[in-house]
Amino acid sequence: MRGIDGISRRGLLGTGLGAAAAIGAAGCGVLGGAGGDDAGRPAAGGGKGGGAGSAGGGRPQGRPIGDGSTADTGRQPKQPGRPAPLEPGQTPPQFVVFSWDGAGEVGNGLFPRFLDLARDHGAAMTFFLSGIYLLPESKKSLYRPPNNPAGASDIGYLTDAHIKDTLENVRRAWLDGHEIGTHFNGHFCGGSGSVGKWTSEDWRSEIDQAVKFVTEWKTNSGWTDLDPLPFDYRRELVGGRTPCLLGQDALLPTARKLGWRYDASSPGGRQVWPDKRQGLWDLPLQALPFPGHSFEVLSMDYNILANQSKNSTKGDPARYPGWKRQATDAYLAGFTRAYETNRAPLFIGNHFEQWNGGIYMDAVEEALKGMAGKKDVRLVSFRQFVDWLDAQDPKILAKLCSLGVGESPTGGWKDHLRD
């Protein structure tokens, strides 16, 4: 994104294990009961993720909502079947979630590139849309960020042409079976207006505004001739990730009141099965093996960059090939460690950025290709993953949670998950 996640702001994430180590002891506790609050919705089941196929087939017709910026077109296409509980002794799937912060298309072709990749490999992903990416800069005064001046934003605003590109790709993403979450709006990571200092009431204001920008983009832009987004965003929105992974504690009470089902804002976690915090599934970025180092690195492109080119997004080009291989191998090492042991889900975060010549985009593509198609592997969205979690017997989940990082079940899955 233009201006997104500059080094000085994203430096708050740390460069190595850092923040992950601080909470690394937090794993599974007493799990909440099974059975989600989304019984009428499509859910993750067997087979591949829900991203196969393309929008195609013409524009879906639906019931316009509000000013027609969005429309209710019914059940989301290309979703897997309703999830089934694991049978006693059954090997659990290996879930992998690729997610994208910001999710704007700014002319670099990265959004459609990864939609094509997902289609080709039967993957579903989560796109955390920044609400102001659908707000024209000429109308930026409509944004009233908590504890910041009206219209302020640390990630800037998109051009009108790029807003239209973003609308087209968000529309396609949903029709392709992907999840549209939220990355909120102004991405404030430092100073007195940092999201890390916001109250629960501040987060409610920020979320309400993000939803408003998505559901009223026609009013704000005047582009009444464009197709609506083919979903009811207030109903679809069930989770997000905060800027720089800050402010989760104050966000969670608001998110719970809004009926959200998960949050992906924890500042790092371990490769273990997740638990709930304040009633929501806590799905953090994770510490992964980092080839060539004794420490681990958070599973996000920026954190790998920060360990390679430090305070620059344009490092020494001579090092790009080695850095790309190191990033790819980090993702694959985390995948292999889980796949061959505790089958903990793998969460990977990304940005549509050409940092260091675009090597992190190439790395995540190579990693996805290395994971796709393997036995028991499901490339899903966060929403599809929590659908599966909510369908499981809490006793089975507790047994999954009892396994540490890289710990295989003693006696195999048949013994570990027996009645």
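Which residue in E8 stands opposite Lys-276?

Reply: The residue opposite Lys-276 is Trp-281 in E8. The model is a predicted one, in which local features need pLDDT of at least 70 and side-chain atom pairs count only at pLDDT 80 or more, while totals for chains, interfaces and linings use all residues. Residues are numbered from 1 along each chain as its sequence is written, and side-chain values use heavy atoms, with hydrogens and water left out.

In general, strands of a sheet pair through backbone hydrogen bonds, either parallel or antiparallel.

E7 and E8 belong to an open sheet of three strands with the order E6-E8-E7 and mixed pairing. Strand E6 (262-263) and strand E7 (276-277) each have a single partner strand and stand at the edges, so one side of each lacks a neighbour in the sheet. Helix H8 (residues 248-257) lies across E6, E7 and E8 and runs at about 145° to E8. Such angles, from 0 to 180 degrees, are taken between N-to-C directions of axes fitted as lines to C-alpha atoms, for helices over the stretch in contact; contact means heavy atoms within 4.5 Å.

The loop between helix H7 (233-236) and H8 holds Cys-244, whereas Cys-189 is in the loop between E5 and helix H5 (200-215); this pair links distant parts of the chain, 55 residues apart. Cys-189 and Cys-244 form a disulfide (a pair of cysteine sulfur atoms within 2.5 Å), with their sulfur atoms 2.3 Å apart. The link is right-handed, with 95° about the S-S bond, and the count by this rule comes to one disulfide. Cys-189 is buried at a relative accessible area of 3%, and Cys-244 is buried at 2%. Buried means under 20% relative accessible area, exposed over 50% and partly exposed in between (1.4 Å probe, protein chains only).

Strand E5 (residues 179-182) is covered on both faces, with Glu-179 and Gly-181 buried on one side and Ile-180 and Thr-182 buried on the other. In a regular strand the side chains alternate between the two faces of the sheet. E5 pairs with strand E4 (residues 126-129) in the parallel sense over four bridges, and Phe-127 stands opposite Ile-180 in E5. From E4 the chain crosses through helix H4 (residues 160-175) to E5 in a right-handed β-α-β crossover: with the strands pointing away from the viewer, the path from the first strand over the helix to the second runs clockwise. The loop between E4 and H4 contains Tyr-157, which counts as buried at 3% relative accessibility. Tyr-157 and Tyr-133 are 24 residues apart in sequence and 6.2 Å apart in space, C-alpha to C-alpha.

Notes
Helices (H or I, at least four residues) and strands (E, at least two) are DSSP runs, numbered from the N terminus. Two strands pair if DSSP finds at least two bridges between them.
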